[in-house]
Amino acid sequence: MSNENMTIHLKVWKQKNAGSKGHLEDYKVENVSPDMSFLEMFDVLNEELIHDNKEPIAFDHDCREGICGMCSMYINGRPHGPLEGVTTCQLHMRSFKDGDTIVVEPWRAAAFPVIKDLVVDRTAFDRIIASGGYVSVNTGNAQDANNLPIGKDKADLAFAAAACIGCGACVAACKNASAMLFVSAKVSQLAQLPQGEPERQARALSMVAQMDAEGFGSCTNTGACSAECPKEISLDNIARLNREFMGASLSKPE
Amino acid sequence: MTSSKLDAKIPQGPIAEKWTKYKSTIPLVNPANKRNLEIIVVGTGLAGASAAASLAEMGYQVKAFCFQDSPRRAHSIAAQGGINAAKNYQNDGDSVYRLFYDTIKGGDYRSREANVHRLAEVSGNIIDQCVAQGVPFARDYGGMLRNRSFGGTQVKRTFYAAGQTGQQLLLGAYSALERQVGLGAVKMYSRHEMLDVVIIDGKARGIIARNLTTGKLERYFGHAVLLCTGGYGNVFYLSTNAMGSNVTAAWKAHKRGAYFGNPCFTQIHPTCIPVSGDHQSKLTLMSESLRNDGRIWVPKQKDETRAANDIPEEDRDYYLERRYPAFGNLVPRDIASRAAKERCDAGYGVGTTKQAVYLDFRYNLINKYGKAEASRLGIENPDLDTLVKLGKEVVKEEYGNLFDMYKQITGEDPYEVPMKIYPAVHYTMGGLWVDYNLMTTVPGMYALGEANFSDHGANRLGASALMQGLSDGYFVIPITIGAYLSSEIRTKAIPTDHEAFVAAERQVKERLEDLKKINGTQSPESFHKRLGHIMWEKCGMARNEKGLTEAIGEIRELRKEFWKDLRVTGDVDEFNPELDKAGRVADFLELGELMCIDALDRKESCGGHFREEYQEDGGEAKRDDENFMFVSAWEYNKESDWTLHKEVLEYENIKIAQRNYK
């Protein structure tokens with residue numbers, strides 16, 4: 001690890017709003033510390049731009065701890081940049097070299113329209129969850145938590161699927177802009193658990209239908225989604241979703 | 001005496017019966033009328049999402065708002081370690097009373113007994129509800145739920161999902177919310193920020209929100225308004241809060257008549273990753289649960305140059321275990337933070353800045369987990385390497401994501417070398433004053449979760465924020481809101497062209513335009529940083545009269561400069577994060593002053609509020625129960641002008657004592 005400060009060249013997507021055409025714009029950032037996060041480098045750049053009375057670059061971010069799923073930069077052709085299992089906010093400049101040129105674009109998918117610069121609209125994900133990504137249990141319905149033992153292996157599998165942060169990197173990584181990894185993570189989490197059993201088939205069917213209605217592409221099992229997922233959601237979930245969907249379709253009453 | 005303006009509406013009767021009795025006698029709204037009543041919920045964290053979902057399930061029409069792009073991203077998502085509940089699954093003597101007692105004591109006897117007891121009573125229901133939703137809590141091989149320990153308690157009552165408990169609980173509440181969205185019972189407005197409350201005939205009747213995508217101002221009516229907008233820790237600029245966390249909604253409510261309770265009670269969390277440089281935008285927490293298994297120490301000698309792993313046992317000062325043998329590394333947060341500051345100020349800090357202490361896992365990794373795993377697997381006389389290897393696997397399962405995060409941020413591997421940690425601003429116990437029903441001093445306006453002041457006194461215990469947020473949203477507000485709405489069933493929806501809506505929108509518009517037209521030279525960020533510096537230095541971990549008095553003057557000056565020299569790029573009527581930020585910083589610049597005024601007024605040390613003038617000989621906080629056993633509730637008059645109202649705290653069930661963790 002070098003402690004020397006670096007100079008970084010950026011090519012960043014600028015787009016005024018959903019209706020206008022975008023382009024890549026060049027920026028130079030000097031005195032970049034290797035300990036800075038990628039987003040902190042953008043903070044520094046934006047402060048300089050404001051100082052020069054230029055418009056700063058709009059980007060989504062919030063928790064900066066890798067858990068809220070808000071940050072969403074497509075860095076040198078990869079969602080969340082070069083590291084594996086890491087969101088943009090947890091990517092640090094020590095992963096780059098002095099003099100590097102970095103291209104930064106927004107998530108690209110028809111279902112994620114650009115709002116401004118690097119900011120996209122991901123409400124399609126919310127609508128998919130609203131179509132069935134839950135257990136229908138009203139507040140107050142619950143029995144004592146330990147009345148429902150769940151084997152550790154099942155619980156761990158459900159937890160691994162539930163780790164999805166809904167950032168959309170899977171869609172951005174996919175050449176078809178498919179949302180299968182996102183949908184499968186939720187379907188898998190609930191399909192593994194007894195709580196999810198009663199609505200298991202309806203859930204798979206309606207979430208897939210909503211995914212299609214939102215304009216996400218088809219899955220061709222390339223696996224880029226899982227490889228780029230900052231939470232390393234497994235491709236097994238897609239296999240499970242296919243099984244759930246198939247089973248539900250076959251047994252669906254006409 | 002309690003100010004006549006503050007009626008906490010605490011039900012009569014013995015503490016253990018208050019809530020049960022009250023629930024059974026509170027006025028109800030019949031299902032047909034519920035459909036005609038509209039409720040606005042601002043914020044979709046644990047409190048907001050659970051409230052919005054539960055109220056919609058009951059039949060109310062709900063409108064929910066969040067400034068993030070999705071309700072799932074509210075900052076509750078980042079809570080790591082766990083959620084408390086008095087289930088006594090571990091058979092270690094836990095009970096509702098014990099959770100109640102621990103919380104009051106942990107809060108240094110500055111919270112309201114009745115509210116805290118209710119919180120402890122419903123804590124178990126929360127776990128049941130979350131499990132029913134499919135929240136994947138950690139489990140044992142037999143399928144039962146696991147627990148871990150947190151600070152300020154001697155039982156294991158904390159339920160968890162690795163280091164992602166907040167995420168899993170929020171996704172549970174979010175899925176319940178989205179279910180209601182899908183059913184049409186909740187209308188969700190994401191990327192919307194509340195910029196004012198609309199008051200008609202003294203009652204909260206709606207909000208003005210800015211659509212952050214288009215920049216347009218929008219008006220929304222509600223029979224009641226629930227603020228579930230979190231805490232104000234970002235007034236310090238650097239904190240563990242998310243970048244967007246802000247006080248704006250609560251502050252607008254305050255300026256419209258809601259009293260602000262105990263603004264100076266802020267929590268500094270002992271275990272955070274230290275500041276690395278001027279570019280730092282936020283601080284990252286390392287969960288309190290790590291103190292279960294990590295031991296905190298500094299070198300015994302000043303200017304120690306050896307690497308941590310080369311310092312032998314006899315040269316290490318495990319100062320928490322030394323000073324507080326009964327609770328050791330699990331003392332409450334305020335005490336652990338001050339102890340770290342004390343060691344660093346005395347010159348024993350580690351790392352390049354000397355503003356850090358070690359949090360070391362090696363001992364428990366080998367002796368607790370390594371040995372347990374070895375005997376579970378039947379390995380006899382395991383060598384050290386085997387113990388380390390086995391221990392690492394368990395530690396990875398318990399805290400893997402936290403260790404990864406630490407490594408990512410610092411470049412050091414905490415499985416191999418101790419973490420370096422230092423206290424940072426984490427939570428605010430203060431917030432809008434609410435009565436037992438969670439209603440503020442403005443009729444029809446409620447505050448839930450971290451946004452209110454009620455349950456944690458002067459110091460919150462770990463794993464209790466999630467508990468309170470969900471308690472307020474799932475189990476308290478659905479009941480208590482009936483006390484108000486039952487008398488509102490004849491109120492028809494008020495059209496948003498009512499003059500009060502028009503006037504409120506005009507004021508919001510003027511303020512936004514005022515911010516824009518200052519046309520100065522300095523960014524919102526730069527003012528925020530300077531405010532944060534004043535707050536941390538003079539209203540942070542240790543406070544004194546001189547510093548606080550100076551801070552008030554400095555904040556006033558900074559605010560003047562802000563309104564003279566702020567630069568907001570972009571336009572008012574478009575997507576403009578700089579404008580959003582400018583508005584939030586403007587509000588922080590007013591709140592900061594009130595926090596210092598409150599801290600100056602409270603001439604005692606209690607919980608997170610440590611006044612250097614008031615300490616015991618050994619450096620412990622010195623409370624003044626005779627003169628300060630009250631909630632400070634501040635009424636806004638005009639800029640820099642507040643009136644203090646006091647709610648005297650009465651302890652009928654808990655014997656007041658000096659907090660002792662020794």
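**Figure 1. Burial and overall dimensions of chain B in the predicted model.** Of the 662 residues in chain B, 60% are buried. The secondary structure of chain B consists of 18 helices and 19 strands. The radius of gyration of chain B is 24 Å, close to the 26 Å given by the globule rule for 662 residues, so chain B is as compact as a globular protein of that length. Along its principal axes, the C-alpha trace of chain B spans about 80 × 55 × 50 Å.

**Figure 2. The parallel open sheet of chain B.** Five strands of chain B are arranged in the order β5-β2-β1-β9-β17, with parallel pairing. The edges are taken by β5 (186-189) and β17 (445-447) of chain B; each has a single partner strand, so one side of each is left without a neighbour in the sheet. On average, and with direction ignored, neighbouring strands of this sheet are turned by 20 degrees against each other. Within the sheet, strand β1 (residues 38-42) of chain B pairs with strand β9 (residues 224-227) of chain B in the parallel sense over 4 bridges. I40(B) has V225(B), in β9(B), as its bridge partner.

**Figure 3. The antiparallel open sheet of chain B and the helix across it.** This sheet has 4 strands in the order β16-β10-β18-β19 (chain B), and the pairing is antiparallel. Its edge strands, β16 (431-432) and β19 (641-648) of chain B, each pair on one side only. Strand β10 (residues 260-261) of chain B is joined to β16(B) by 2 bridges in the antiparallel sense. The bridge partner of F260(B) is L432(B), which belongs to β16(B). Helix α17 (residues 577-601) of chain B lies across β10, β18 (630-638) and β19 of chain B. The helix runs at about 140 degrees to β18(B).

Figure 4. F628(B) counts as buried because it has 20 C-beta neighbours inside 10 Å, and 20 or more is the criterion for burial. When residues up to four places away in sequence are not counted, F628(B) touches R602(B) and E604(B). R110(B) is 518 residues away from F628(B) along the chain, yet the C-alpha atoms of the two residues are separated by 9.0 Å.

**Figure 5. The side of chain A that touches chain B.** The contact takes 66 residues from chain A and 61 residues from chain B. On the chain A side, at least two residues each are supplied by α1 (38-51), β6 (114-116), α2 (123-130), α3 (152-162) and α5 (180-191) of chain A. The residues of this side of chain A divide into 30 nonpolar, 21 polar and 15 charged.

**Figure 6. Packing of the buried residues of α3(A).** The buried residues of α3(A) are A155(A), L157(A), A158(A), F159(A), A160(A), A161(A) and A162(A). Within chain A, these buried residues pack against α5 and α8 (236-251). They also pack against α6 (165-182) of chain B. Helix α3 of chain A is one of the elements that supply at least two residues of the side of chain A that touches chain B.

Notes. Residues are numbered from 1 along each chain as its sequence is written. Chains are lettered from A and ligands numbered from 1 in the order in which they are written. This is a predicted model: local features need pLDDT of at least 70, side-chain atom pairs count only at pLDDT 80 or more; totals for chains, interfaces and linings use all residues. Two residues are in contact if their C-beta atoms, placed from the backbone, lie within 7 Å. Ala, Val, Leu, Ile, Met, Phe, Trp, Tyr, Cys and Pro count as nonpolar, Asp, Glu, Lys and Arg as charged, and the others, Gly among them, as polar. The radius of gyration is taken over C-alpha atoms; the globule rule is 2.2 Å times the number of residues to the power 0.38. A residue is buried if 20 or more other C-beta atoms lie within 10 Å of its own, exposed if 12 or fewer, and partly exposed in between; C-beta atoms are placed from the backbone. Two strands pair if DSSP finds at least two bridges between them. Axes are lines fitted to C-alpha atoms, for helices over the stretch in contact, and angles run from 0 to 180 degrees between N-to-C directions.
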